[in-house]
Amino acid sequence: MSNSDYKLGQDSVRQPGVPEGVVQKRRLEDSSIYPDSAHDFWVYVPDQYQDSEPACVMFFQDGEAYFHSEGEVRAPMVFDNLIHKREMPVCLGVFVNPASKEDLFDQRAKEYVPLNDDYARFLLEEILAQLEQDFNLVVDREGRAICGMSDGGLCAFNAAWHRSDAFSKVVSHIGSYTRLHGGSDYPYLIRETRGNPKPIRVFLQDGENDINLVQGNWTHANIAMASALMYARYDYRFELGTGGHDLKHGGAIFADTLRWLWRDYPGVVHDTAGTSLDSVVGDWGLVVNFGGDERHSRLKIRKEASRLGAVLLDDLDGELEISEIDFNDEILRYEYATPPSQKTWGKGTSRVMSAWLKVSGESLEGALSMDEEIQMDLPVRGLRVSLKR
């Protein structure tokens, strides 16, 4: 697929009978956090908003790129359609442009790139504080999301990372996880949170043909981010397409992005197909890669009343009993006692092998963990072989 093949779907165009929200332009004339600069921003208010019910809120960096009706994302139209179908909550969209002093957006890097909580404070203490004078908005983190592209994608992740008490959901399009002692620090920082991940949900999107500059390679940087999020067991999704440094791919999948982002918010209608215990029952062919050597096995999952049970048929070790197994929110987890041939993997100190697998339809992907001391992961991929009837 070429970048020109990414097209907007029906949820990104005006649909008959769907109530239209309104977009209001506003301006913050001065900021105590970014002195002597002005910010233009736009507020989308859905038709379903009522003062009597607190609404969710989603912030967008590089706001103008996201709200225009002829743009690559058209967020207000997507909000209209999904809110109407109750596939996302009633939610205000806040589209914030970076500050300007002498030239348009000349303060963008100053706001978006630093790894601190300044921008999060700017949104919470200045933009949100202004909005709360006019709208009834949720006060809890679960009802707040943040989105951006390029440096704005880094900025969105950075705000949630530093203020996970205030933001729970992140969308990062073509994010700039690059620059020495900049966004490139995040893959390592994320890995350090294994065992205690921050309570944030992260959607990453990038393209195979994203830019490659002295500051870094954007594609490789986003792949490193996805690997780190898996290693630390975050609630994340990564969509790698064929595009470049633009919003064509991100816009084409924006409706599905929002469905995934808000999937468990109260009152949202969520497609439960593929999330029940029954959806993983059957036989799965697995491949574990250890240093370039592939190890094949078959995972046979059965349902016992309201619980799962399973055995693992390994090429070398034969039948291995699964001691613990569960499937929740698209993640399959199981454990088994380390068999003889696998005791030589890593430093040989692991008594238990633990799998963490993201299930998507008829395939799964994730990691097999070993060695409690060094917390080493081995990549695992699998396909459904048969469905138990």
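In this predicted model, K198 lies over the face of W161, 4.8 Å from the ring centre. A charge is taken to sit over a ring if NZ of Lys or CZ of Arg is within 6 Å of the ring centre and within 35 degrees of the ring normal. A second case is K358, placed over the face of Y236 at 4.6 Å from the ring centre.

Residues are numbered from 1 along each chain as its sequence is written. Local features need pLDDT of at least 70 and side-chain atom pairs count only at pLDDT 80 or more, while totals for chains, interfaces and linings use all residues; side-chain values use heavy atoms, with hydrogens and water left out.

Rings of Phe, Tyr and Trp (its six-membered ring) pair if their centres lie within 6.5 Å; planes under 30 degrees apart count as stacked, over 60 as edge-to-face and the rest as tilted. The pair of W42 and F67 is tilted, because the ring centres are 4.8 Å apart and the planes stand at 35 degrees. This pair links distant parts of the chain, 25 residues apart: W42 belongs to strand 2 (residues 39-45) and F67 to helix 1 (residues 64-67). Helices (H or I, at least four residues) and strands (E, at least two) are DSSP runs, numbered from the N terminus. Both W42 and F67 are buried, that is, under 20% relative accessible area, with exposed over 50% and partly exposed in between (1.4 Å probe, protein chains only). W42 and F67 also belong to one aromatic cluster with Y44, F60, Y66, F79, F95 and F254.
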